[in-house]
2 protein chains.
Amino acid sequence: MLINGVPEERVSALDRGLLYGDGLFETLAVADGKPCLWRQHLERLRFGCERLRLTPPDPVLLDEEARREAEGHHRAVLKLILTRGRGGRGYASEHARAATRIVQLTPWPERDEAQCAAGVRVRQCRTRLGQNPALAGIKHLNRLEQVLARGEWSEPDISEGLMLDAAGRVIEGTMSNLFLVRDGRIFTPCLSRCGVSGVMRQQVLEACRALAIPLLERDIPLRDLWDSEALFLTNSLIGIWPVADLDGQPFDPGAIDRRLVEYVMERRFHSG
Amino acid sequence: MLINGVPEERVSALDRGLLYGDGLFETLAVADGKPCLWRQHLERLRFGCERLRLTPPDPVLLDEEARREAEGHHRAVLKLILTRGRGGRGYASEHARAATRIVQLTPWPERDEAQCAAGVRVRQCRTRLGQNPALAGIKHLNRLEQVLARGEWSEPDISEGLMLDAAGRVIEGTMSNLFLVRDGRIFTPCLSRCGVSGVMRQQVLEACRALAIPLLERDIPLRDLWDSEALFLTNSLIGIWPVADLDGQPFDPGAIDRRLVEYVMERRFHSG
């Protein structure tokens with residue numbers, strides 16, 4: 001692990017990342033020793049920095065550190081964490097020192113990828129997502145809602161839980177974005193009030209444009225799930241997971257456009 | 001600083017407190033070498049642990065550590081942080097190891113206490129509080145909303161910012177609870193959807209019971225502030241601050257029942 005470029009495993013217990021979750025993170029796949037979709041992750045990190053008024057890290061430096069950690073690993077997970085660092089008085093951050101930059105490499109999660117590609121089991125979570133446009137879309141460190149939602153089940157054959165907002169709109173999975181296939185079109189929830197705008201979600205949007213598949217971002221009431229032909233989930237590690245079962249109701253992974261899945265899955269390990 | 005009872009300044013960069021804000025904290029006054037309102041803070045910590053399904057720390061151990069850090073300090077701030085520790089895979093915490101317990105002592109904030117007691121300047125923040133009953137009331141580590149709100153001003157003579165929820169109800173200050181005096185009664189916002197249920201807020205509730213002052217917890221629309229006779233703020237360090245000015249409108253600190261202020265201020269440095 002590198003912390004501000006130095007091999008190190010620990011951070012100050014006065015870091016604002018710990019005290020307040022005052023920071024951002026990115027989770028990337030590493031393939032053949034290189035971070036995947038690097039440019040896209042950096043772009044989202046920059047977007048988050050703008051929102052939180054954090055100074056973005058020097059991209060050349062971060063790139064160098066990420067490659068240094070990733071080198072020699074066939075498959076791994078790279079996590080970048082950026083916090084506002086130490087200092088300031090209470091919540092006020094005007095006198096905070098330099099940001100803290102953490103680059104962590106962890107093992108690639110062990111999953112039966114062929115089985116996941118054939119469709120995963122999903123449940124609906126009771127924990128709701130609070131709405132706050134100021135924090136929506138970005139991948140910040142305030143993740144208690146996801147922790148609580150993920151704590152609702154322990155069955156190993158349930159791969160993901162879907163989360164709604166307080167108004168009952170479907171937003172996303174605990175660690176993934178959601179897409180619906182209905183009448184030959186693809187829908188995905190608006191993320192203007194809550195949710196994380198995933199890099200792989202952006203890849204799906206791009207794929208749909210490239211393949212001329214109609215895609216709509218909009219508010220999605222829960223009932224829309226039940227009369228969808230297919231559902232799928234995305235994130236930077238999994239690429240696309242078709243949903244085979246949501247709380248006992250089967251869905252047909254075959255109803256997802258093959259070209260779209262191939263387009264996204266082929267590119268997910270690109271260095272970007 | 002003590003981390004799990006050991007003198008130490010740093011935590012693992014894999015601690016869930018840093019990764020997800022997966023934990024709780026308490027901020028206490030230290031007076032004459034002892035943590036103040038200890039029992040009350042411990043009670044709220046236990047309440048937060050229940051909500052987040054964290055194992056509460058051994059109270060005897062925590063008490064011993066807090067006293068060890070506080071000893072010899074006339075006035076200081078004691079911060080307890082409790083996180084779910086390291087481990088688990090992603091948001092799932094079932095395989096997380098033991099909690100991390102941090103006891104930090106920081107200097108007492110330099111403020112003109114006499115001037116604050118005479119009334120502080122307050123502003124209304126643009127940053128809203130998201131609503132989530134699962135997280136409301138407890139003092140968890142997901143504090144980006146407060147950081148953003150506190151970042152809205154840098155004028156040193158503005159002591160606090162008031163925050164509304166998305167529906168426009170007044171909830172609290174960035175670091176304090178809010179009370180309104182109207183027609184000889186005291187009102188304070190409901191904290192069932194968002195906000196932190198402060199220990200000093202509880203002390204005010206208790207004081208009102210003891211002094212037979214009518215107090216109502218209820219939803220408070222913003223307009224109720226403007227036709228209040230007085231406003232005041234509370235937290236564990238400040239006790240009670242009367243509001244002298246909200247965005248240019250003056251309020252009369254003298255309209256706050258003296259007995260109430262004295263009751264709370266006298267007891268705020270009790271060891272509890």
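A salt bridge is taken here as a side-chain nitrogen of Lys or Arg within 4 Å of a carboxyl oxygen of Asp or Glu. The model is predicted, so local features need pLDDT of at least 70 and side-chain atom pairs count only at pLDDT 80 or more, while totals for chains, interfaces and linings use all residues. Residues are numbered from 1 along each chain as its sequence is written, chains are lettered from A and ligands numbered from 1 in the order in which they are written, and side-chain values use heavy atoms, with hydrogens and water left out.

Figure 1. E43(A) pairs with R46(A), with 2.3 Å between the closest N and O atoms. Helices (H or I, at least four residues) and strands (E, at least two) are DSSP runs, numbered from the N terminus. E43(A) has a relative accessible area of 42% and is therefore partly exposed; R46(A), with 37%, is partly exposed. Buried means under 20% relative accessible area, exposed over 50%, and partly exposed in between (1.4 Å probe, protein chains only).

Figure 2. Over all chains, the structure holds 38 salt bridges. In one of them, the side chains of R44(A) and E26(A) meet at 2.6 Å, N to O. R44(A) counts as buried because its relative accessibility is 9%, and E26(A) is buried with a relative accessible area of 1%. A further salt bridge joins R182(A) and D227(A), whose closest N and O atoms are 2.7 Å apart. R182(A) counts as buried at 15% relative accessibility, whereas D227(A) counts as partly exposed at 47%. Salt bridges with shared partners also join D165(A), R169(A), R193(A) and D219(A) into one network.

**Figure 3. The largest cavity, lined by residues of chains A and B.** On a 1 Å grid over the protein atoms alone, a cavity is a set of points where a 1.4 Å probe fits but cannot get out, and lining residues have an atom within 4 Å of a point. Grid points are joined across faces, edges and corners, and a volume is the space filled by probe spheres set on the points. The count comes to 3 cavities of 30 Å³ or more. The largest cavity has a volume of about 440 Å³. Of its 33 lining residues, G130(A), L135(A), E145(A), L135(B) and E145(B) are the closest to the centre. The elements giving two or more residues to this lining are α5 (144–150) of chain A and α5 (144–150) of chain B. By class, the lining of the largest cavity has 12 nonpolar, 14 polar and 7 charged residues. Ala, Val, Leu, Ile, Met, Phe, Trp, Tyr, Cys and Pro count as nonpolar, Asp, Glu, Lys and Arg as charged, and the others, Gly among them, as polar.

**Figure 4. The second largest cavity, lined by residues of chain B.** This cavity holds about 40 Å³ of space. Its lining includes L24(B), F25(B), L45(B), P57(B) and R101(B). Strands β4 (23–31), β6 (75–83) and β7 (100–107) of chain B each give two or more residues to the lining, and the largest share, 3 residues, comes from β6(B). The lining residues divide into 9 nonpolar, no polar and 1 charged.

**Figure 5. The buried side of helix α8 in chain B.** In α8 (residues 258–267), L260(B), V261(B), Y263(B) and V264(B) are buried. They lie on the same side of α8(B) because they cover an arc of only 165° around the axis, the arc being that of the directions from the helix axis to the C-beta atoms. R258(B) and E266(B) are exposed residues on the face turned away from the buried side. The buried residues of α8(B) pack against β12 (185–189), α6 (199–211), β14 (230–235) and β15 (239–246) of chain B, where contact means heavy atoms within 4.5 Å.

Terms used: On a 1 Å grid over the protein atoms alone, a cavity is a set of points where a 1.4 Å probe fits but cannot get out, and a pocket is an open set with protein on both sides within 12 Å along at least five of seven lines; lining residues have an atom within 4 Å of a point.
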